[in-house]
Amino acid sequence: MNADEQWFDSDEFWEALAPALFTPVRWEAVPNDINGIESLTGLTRGAVVLDLCCGPGRHTLELARRGYRVTGVDRTKSYLQKVSEKARSESLDIELVQSDMRSFRRDNSFDLVLSFYTSFGYFEDPEDDSVVLRNMHASLKDGGCMVIETLGKERLAKVFMERNWQRLDDGSLLLEERTVTRDWSWIENTWILIKGGRMREFKVNHRLFSAAELKRLMQDCGFSRTACYGSPDGAAYNQNSIRMVVIGWK
């Protein structure tokens with residue numbers, strides 16, 4: 001990477017860490033995720049959905065299987081290629097767009113915008129977060145809604161560990177070190193991947209939000225109403241919630 005690039009600009013990061021990020025367990029959870037989204041948002045089959053930062057297409061593919069008209073957007077070409085190959089093998093019609101989340105905007109086009117798996121808050125400048133939210137808001141049809149799923153600050157404060165390690169399904173070893181900075185608004189991670197005798201180090205940094213902070217930011221960016229849950233199935237949100245699901249309506 002050159003001096004102007006950030007960690008999320010690295011294709012090497014997304015490709016090397018895919019086994020850790022998109023485990024079989026996370027793929028298996030997708031149908032339940034979509035069931036919950038349908039229930040919480042009232043989404044009906046045939047609706048138009050944007051999966052922003054779609055990655056290798058976990059939710060993109062499942063939505064298409066259920067008859068939604070889906071656009072998947074991601075900055076990583078190899079991920080989009082994987083989605084395209086899987087869609088062709090299942091005869092699914094999916095639009096795929098390679099774009100930075102700060103740049104993609106399609107006014108009044110979608111009934112639902114998804115941002116799953118801590119895909120929001122990567123940018124050093126907080127204004128970039130607002131740009132993304134305003135683009136999401138503009139891309140929704142009137143009455144449409146956005147769903148952001150991430151790790152909430154409340155949960156992180158309860159379970160925070162400075163370091164840990166895990167063995168991945170492909171036999172590699174991932175070591176993680178974490179530091180919370182900027183008055184508990186930012187987390188700086190070092191991920192060390194050891195595989196086949198080779199060690200690679202990656203930085204992974206992003207903003208931290210409490211439920212109240214994220215809801216307030218969404219409202220500041222134009223969303224008329226917000227709600228927060230502890231899972232896609234609508235559980236109450238608290239410090240024990242493994243996930244934070246925040247919904248905003250246009």
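A residue is buried under 20% relative accessible area, exposed over 50%, and partly exposed in between (1.4 Å probe, protein chains only). Trp184 is partly exposed, because its relative accessible area is 31%. This is a predicted model: local features need pLDDT of at least 70, side-chain atom pairs count only at pLDDT 80 or more, and totals for chains, interfaces and linings use all residues. Residues are numbered from 1 along each chain as its sequence is written, and side-chain values use heavy atoms, with hydrogens and water left out.

Stay with Trp184 for a moment. Its ring pairs with that of Phe160. Rings of Phe, Tyr and Trp (its six-membered ring) pair if their centres lie within 6.5 Å; planes under 30 degrees apart count as stacked, over 60 as edge-to-face and the rest as tilted. Here the centres are 6.2 Å apart and the planes stand at 70 degrees, an edge-to-face pair. Phe160 is partly exposed too, at 28% relative accessible area.

Where do Phe160 and Trp184 sit in the chain? Helices (H or I, at least four residues) and strands (E, at least two) are DSSP runs, numbered from the N terminus. Phe160 lies in the loop between helix H8 (153-159) and E6. Trp184 lies in the loop between E7 and strand E8 (186-195). The two residues are 24 apart, so the pair links distant parts of the chain.

Two strands pair if DSSP finds at least two bridges between them. Four strands make an open sheet in the order E6-E7-E8-E9, with antiparallel pairing. Strands E6 (163-167) and E9 (198-207) stand at the edges. Each has a single partner strand, so one side of each is left without a neighbour in the sheet. From one strand to the next, the twist averages 20 degrees. That angle rests on axes, which are lines fitted to C-alpha atoms (for helices over the stretch in contact), with angles from 0 to 180 degrees between N-to-C directions. E6 and strand E7 (residues 173-181) run antiparallel and are joined by five bridges. In one of these, Asn164 has Glu176 in E7 as its bridge partner.

Other strands pair in the parallel sense. Strand E1 (residues 48-52) is joined to E2 by five parallel bridges. Leu50 has Thr71 in E2 as its bridge partner. E1 also pairs with E4, in the parallel sense, over three bridges. Phe110 stands opposite Leu140 in E5.

How well covered are these elements? Strand E2 (residues 69-74) is mostly covered, with five of its six residues buried. Strand E4 (residues 110-115) is mostly covered as well: five of its six residues are buried. In helix H5 (residues 58-65), seven of eight residues are buried. Among them are Arg58, His59 and Glu62. Just after H5, Gly67 takes a positive phi of about 95 degrees.

Arg58 brings us back to rings. A charge sits over a ring if NZ of Lys or CZ of Arg is within 6 Å of the ring centre and within 35 degrees of the ring normal. The charged end of Arg58 sits over the ring of Tyr117, 5.3 Å from its centre. Arg182 does likewise with Trp186, at 4.3 Å.

Tyr117 belongs to an aromatic cluster whose members include Trp14, Tyr79 and Trp191. In total, the structure holds 15 aromatic pairs. In one of them, the rings of Trp14 and Tyr79 have centres 6.3 Å apart and planes at 70 degrees, so the pair is edge-to-face. Trp14 lies in helix H1 (residues 11-16) and Tyr79 in helix H6 (residues 77-89), so the pair ties together parts that are 65 residues apart in sequence. Both Trp14 and Tyr79 are buried.

What about the cysteines? A disulfide is a covalent bond between the sulfur atoms of two cysteines. Here it is counted as a pair of cysteine sulfur atoms within 2.5 Å. The count comes to zero disulfides. For Cys54, the nearest cysteine sulfur is that of Cys53, 8.1 Å away. For Cys221, the nearest is also that of Cys53, 16 Å away. Cys54 counts as buried because its relative accessible area is 7%. Cys221 is buried at 7%.
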